[in-house]
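Hello,

Here is the structure I promised to pass on to you. Please open it first; my notes follow below.

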Amino acid sequence: MPVHTISPEELKGALAGTGEQQIRDWCAALEAGGVLYFPQTPVRIPPADLDVLLGQQQTGSRLHKNIAYKPHRDELTGVDAKSSPGAVVEQVHDIMRRYSKSVEGFLAEFLAPYQERWVLDYASYRPLEEQGRDLPVRRRNDLLHTDAFPTRPTRGWRILRFFHNIHPTRTRDWVTGDPFGKVVGKFTSGKLPLPRPDSALTKVGKGLAKATGLAALVPQWKRTPYDEFMMQLHNAMKEDDGFQGVCTKEYFQFAPGSSWMVYTETVPHAVLAGQYALEQTFLVDPRAMVTPESAPVRVLEKMAGARLV
Ligand SMILES: [Fe+2]
């Protein structure tokens, strides 16, 4: 995993107006499977907000699992409403709303080459220790995988994630794997078939689902062949012990107070240890890329010799 470290001085210089080419280069590095690493996060969180986020977990596991913030509905989920006083839920809601807006503001400037051809997706707060979590295989974060959303197909749009390690003293430990094309090649030469345009059977199923009104309820019928493949790839990677054992691994520790961003639908990644991380997701139009041919939908369409979305 090439990690491109961006110091506060470099960032300031690039954003000052003279760094247009530098920002395009960083976007290209990101699109090629690199990680952009900010040792000092460019999205500052007020100390009082940090205290609330860190304090809840320390004083009784009130925030019992990942907390999600859905900006388009201004909705917060995942806070244990039974054991958390209403005022705390409100406080966390306000903090997540502010955080989401701050990241959006920063990236509107930083990702200028994309000209805002992206959609602000969910933000999350991950207060649990990642090491030793007891989860079913497909939900494990410590196994290398590429991201795909089971209920929200992206139809070829890219999944860009901005992270922030808010732990005051501990690193967040990641491992990444081989580049996307290489990993896909490994799986498609084995048990995972390359994606194909809709089969006749799927078309019949979709027609039926549409006619009966089920299409709106069943996520699979909203998926394109691209989405189907990306979901299968996510599962196949996590379920393949041989792959997990022998694939190339690169380790990186993200410092307390740092941020990083990466296209997680193409960079195989896993979290080995760490606690207290914030994250904001964006779905980015593949046509907005500085290097459009690097988008996974283009890579797969080239391999399959067919349109997949
Ligand atoms: Fe992931």
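A word on terms before the findings: buried means under 20% relative accessible area, exposed means over 50%, and partly exposed is in between, using a 1.4 Å probe and protein chains only. The model is a predicted one, where local features need pLDDT of at least 70 and side-chain atom pairs count only at pLDDT 80 or more, while totals for chains, interfaces and linings use all residues. Residues are numbered from 1 along each chain as its sequence is written, and side-chain values use heavy atoms, with hydrogens and water left out.

Let me start with the metal site. The iron ion has H145 (NE2), D147 (OD) and H269 (NE2) as its protein donors, lying 2.2 Å from it. Donors here are N, O and S atoms within 2.8 Å of the metal (3.2 Å for Na, K and Ca), and water is not among the atoms, so sites may look incomplete. Along the sequence, the spacing of these donor residues is H-x1-D-x121-H. D147 sits in the loop between β5 (118-126) and β6 (158-165), and H269 in strand β10 (residues 269-273), so the pair ties together parts 122 residues apart in sequence. H269 is buried at a relative accessible area of 5%, and D147 also counts as buried, at 8%.

Now the overall fold. The chain has nine helices and eleven strands; these are DSSP runs numbered from the N terminus, with helices being H or I of at least four residues and strands E of at least two. Of its 309 residues, 50% count as buried. Taking contacts (heavy atoms within 4.5 Å) with a separation of 6 or more, 84% are between residues 24 or more positions apart.

On to the interior. A nonpolar core is a set of buried Ala, Val, Leu, Ile, Met, Phe, Trp, Tyr and Cys residues joined through side-chain atoms within 4.5 Å. The largest has 44 residues, of which F38, F110, L111, Y114, Y125 and M261 touch the most other members. Helix α4 (residues 86-110) gives the most to this core, with nine residues. A second, separate core has 22 residues, including A148, M230, A236 and L300.

Finally, have a look at helix α5 (residues 180-188), whose buried residues are F180, V183, V184, F187 and T188. They lie on the same side of α5 because they cover an arc of only 125° around the axis, the arc being that of the directions from the helix axis to the C-beta atoms. These buried residues pack against α7 (225-239), α8 (241-246) and α9 (296-304).

Best wishes
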